[in-house]
Amino acid sequence: MPKVYWNDSAELFRKLTIRKLWNYNKLFLSYHLSRWMKKPLIWAQPVSVSIEPTTSCNLRCPECPSGLRAFTRDIGMLESSFFQKTIDELSPQLIYLIFYFQGEPYLNPKFLEMAAYASKKGIYTATSTNAHYLTDDNCEKTIRSGLSRMIISIDGTTQETYESYRIGGKLDKVLEGARRIVKWKKELKSSTPHLIFQFLVVKPNEHQIDEVYQLAEEIGIDEVRLKTAQVYDYENGNDLIPVQEQYSRYKKNADGTYIIKNKMVNNCWRMWQGSVITWDGLVVPCCFDKDATHRLGNLKNETFKQLWKGSTYNQFRKSLLKSRSEIDICKNCTEGTKVWAN
C-alpha cells in the first residue's frame, strides 16, 4: 500500500467541487454498469486528462519512442491558445491534469504559463521531467505557477548507472535541479509541488534502490516511487528486466521465456476516467498509445464532448469490453503491476 502524503492529499481535496464530485460518481457508476452489461455507457466527462507539451526530448532512452526518435507522428509543441481553449471546455469537471505524454515538458517555452492557467482554473496539475532544465529561473517560475506535483525521473544514483538507461543524461544536472526546486519551495514557503523521485527499476540499477531513498531524504524530496519498466521485446528475455521479480512486470517461465504478470481482463477504468491529448490535438485512449495509432478524434475539428461520447470512442470501449487481449496497446499494459514505495 502506498503512503498517504497529507500535504499532497490536501492540495487535491482543495481542487474538488460539488460539480466535480457529482461528475466523478456518475462516471464511476457508468463504468461498473458497462462492465456488467458489456456495453459502453458514458454518463459524465473525464476526471483526468493528459496533455502533451511536446514530443521533443533531450535524452535517448532505449525503450522510449521519443528518445529513439521512432515516431511516425509529427514532432512539435503544444500551443497555449489551443491549450486554453481545451481547458476552458474541460475545467468544470476536470480534477487532475497531467502535463506529460511523450517528450520533455520544459522544452516547451510556454509550459509553465499553461500550468499557471490550469492551476487558476482549480485543477490539480502534475508533470514528469528528466530535470535537466530546472534552472534557478525555471524553478522559481514552477513554484509560482502553482504546479501541484512534479515527478523527477532518476534511474540511477551514479552517473554510470544513470546513463545506462538515460542515454545522454547527466546525473549531476538532475541532482542540482532537484536541490534548486527544494530550495525555491522553502524560499517561497510553498507546499507545492509535491516532489517525487521516480526510479524506473531495471537490471542495471536494481542494486541502487536503497540508495535512491537515502538520496531523496538528503535532498528533501517528498516521496520515492519505484516503477516497473515496460520492455517491448521481453518474451525471450531482455537485459533491462530486473533479476528481482518483485520489481518486474514480467515473470520467467520454466522454459526460460517471459510473460507479463498481470491478468488480462476485459475492462479498463482508464477508458472512462481519463483521456490523452497530443500536442497537435489528437485524442488517443491512454498513455500506452505512444505513437497515436488509435486516433479517437481531433480537437482541432470537434469539441471534446462530441468525441468523448462519439461512435469512434465508444467502439474502442466496446472492443476492450469484448476482448482486450486483441488490442495491441493493451498487451503490455502496466495495470496492476506498479511497485509502490513503502
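Student: Why is Asp 8 called buried?

Tutor: Good place to start! In this predicted model, Asp 8 has 9% relative accessibility. Buried means under 20%, and 9% falls under that cut-off, so Asp 8 counts as buried.

Student: What makes Asp 8 and Arg 149 a salt bridge?

Tutor: Look at the closest N and O atoms of the pair: they are 2.4 Å apart. The cut-off is within 4 Å, so Asp 8 and Arg 149 qualify. This bridge links distant parts of the chain, with Asp 8 in helix 1 and Arg 149 in strand 4, 141 residues apart.

Student: Is Arg 149 buried or exposed?

Tutor: Arg 149 has a relative accessible area of 11%. That is under 20%, so Arg 149 is buried.

Student: Why is the pair Arg 180 and Glu 176 called a salt bridge?

Tutor: Their closest N and O atoms are 3.9 Å apart, and the limit is within 4 Å, so the pair counts. Both residues sit in helix 8.

Student: How many salt bridges does the structure hold?

Tutor: It holds 14. There is also a network of salt bridges linking Glu 11, Arg 14 and Lys 15.

Note on methods
Residues are numbered from 1 along each chain as its sequence is written. This is a predicted model: local features need pLDDT of at least 70, side-chain atom pairs count only at pLDDT 80 or more; totals for chains, interfaces and linings use all residues. Side-chain values use heavy atoms; hydrogens and water are left out. A salt bridge is a side-chain nitrogen of Lys or Arg within 4 Å of a carboxyl oxygen of Asp or Glu. Helices (H or I, at least four residues) and strands (E, at least two) are DSSP runs, numbered from the N terminus. Buried means under 20% relative accessible area, exposed over 50%, partly exposed in between (1.4 Å probe, protein chains only).
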